[in-house]
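Colleague: I want to go through the labels on this model one by one. Please give me the cut-off behind each.

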Amino acid sequence: MAQAIPRQDTNGQQLPVYRAASFTVVNGANQGDELSFASELMLDDIYELTEGAIPSALAFDALSDGAFRISDLSSVGRPGATLHLDCCVTLMPPNGETVEAIILVEVDTRGNIRDIYLHPLAPIAPKTAYSLVGIDRDHARRRMALIGCVSFTRGTRITTATGEQKPIENLQVGDRVLTRDSGVQEIRWVGRSTVRATGPFAPIVIKAGAMNNMGDLKVNPDHRLFVYQREDTVGAGQAEILVKARYLVNGETVYFQEGGFIEYFQLLFDDHEIIFAEGIAAETMMVNQATHPVLPKSLGEKFARSQPGLPNVDTIAYDVKEALLRHRDAAALLRRASSR
């Protein structure tokens with residue numbers, strides 16, 4: 001049976017960002033200045049987003065030394081330039097709800113700052129005063145890593161070695177789970193985090209039956225589902241494909257669910273696996289430079305040495321890109337293709 005791991009750069013990420021010049025201090029110690037890095041920021045300064053500002057797609061690859069490199073796919077920044085994760089800030093608008101945002105700094109070959117980018121973890125709006133109430137340098141990397149982790153939500157039923165379906169929150173290290181390609185495997189780590197269900201952390205709901213799933217499945221937007229097409233309906237050139245949940249959204253049977261907080265769980269095995277969640281095949285966490293910071297130190301060191309999740313070039317499932325799914329209802333299309 002083919003191993004369902006894609007041939008791709010697994011360290012790549014893409015984030016919507018605002019350039020520093022679009023987010024300026026309108027009142028406070030740094031009044032008139034644009035967004036800067038942590039050591040120049042002042043608590044209680046009030047920022048506003050420039051009217052008409054549109055986020056750009058910042059694409060980058062994670063490097064082994066913890067820095068990032070802007071990729072050729074990026075619509076902002078210089079391809080090949082080094083990008084540093086500076087800090088995570090907390091902003092408070094007038095309604096009292098907080099918004100977290102990540103600050104990234106692009107530098108040139110001499111180490112001089114070339115540009116600064118803001119990636120909000122929840123939507124921000126122009127003509128709104130945002131007071132800077134927190135600056136966190138210590139946990140920014142883990143916050144960033146969570147964006148790249150594939151995650152299931154509380155209540156998701158996972159098929160175990162005995163065929164029993166257990167809620168993910170009841171699974172523990174050492175429990176045996178049925179995988180599609182490697183038989184029964186033991187869980188090595190269970191991660192969990194509670195985040196505001198907005199922006200990149202808003203889950204996608206796949207209603208029961210939408211993808212031949214037995215119950216509603218909630219996953220983070222970039223979580224990939226495994227589909228075996230009996231007919232190649234999307235032009236992938238092969239039967240076995242991996243599809244990000246975000247590409248299946250149709251507003252009815254597959255949709256974003258924003259609001260409140262959501263509890264996410266990550267399952268880690270010795271290798272990147274395909275397991276069964278609510279009866280359908282979905283990937284587990286892959287350890288790479290982007291996701292590594294979420295692991296406990298001892299486990300992180302182990303997986304850094306073993307490098308799990310590296311693709312087997314002889315047995316590859318195809319990671320479907322959005323362009324192949326420009327259909328009014330990709331979920332229905334793939335459901336039929338896998339049922340025929």
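Modeller: Start with the cysteines. The disulfide count is zero, where a disulfide is a pair of cysteine sulfur atoms within 2.5 Å. Bear in mind that this is a predicted model, where local features need pLDDT of at least 70, side-chain atom pairs count only at pLDDT 80 or more, and totals for chains, interfaces and linings use all residues. Residues are numbered from 1 along each chain as its sequence is written, and side-chain values use heavy atoms, with hydrogens and water left out.

Colleague: Why is C88 called buried?

Modeller: Its relative accessibility is 4%. Buried means under 20% relative accessible area, exposed over 50%, and partly exposed in between, with a 1.4 Å probe and protein chains only. C149 is buried too, at 1%.

Colleague: How many aromatic pairs does the structure hold?

Modeller: Three. Rings of Phe, Tyr and Trp (its six-membered ring) pair if their centres lie within 6.5 Å; planes under 30 degrees apart count as stacked, over 60 as edge-to-face and the rest as tilted.

Colleague: Why is the pair of F23 and Y47 called stacked?

Modeller: The centres are 5.1 Å apart, so the rings pair. The planes are at 10°, so the pair is stacked. F23 is in strand β3 and Y47 in strand β4, 24 residues apart. Strands are DSSP runs of E, at least two residues, numbered from the N terminus.

Colleague: And what makes F23 and Y130 tilted?

Modeller: Their centres are 6.3 Å apart and their planes at 50°, so the pair is neither stacked nor edge-to-face. Y130 is in strand β10, so this pair ties together parts 107 residues apart in sequence. Ring pairs link F23, Y47 and Y130 into a cluster.

Technical notes: Helix = DSSP H or I, 4+ residues; strand = E, 2+ residues; numbered from the N terminus.
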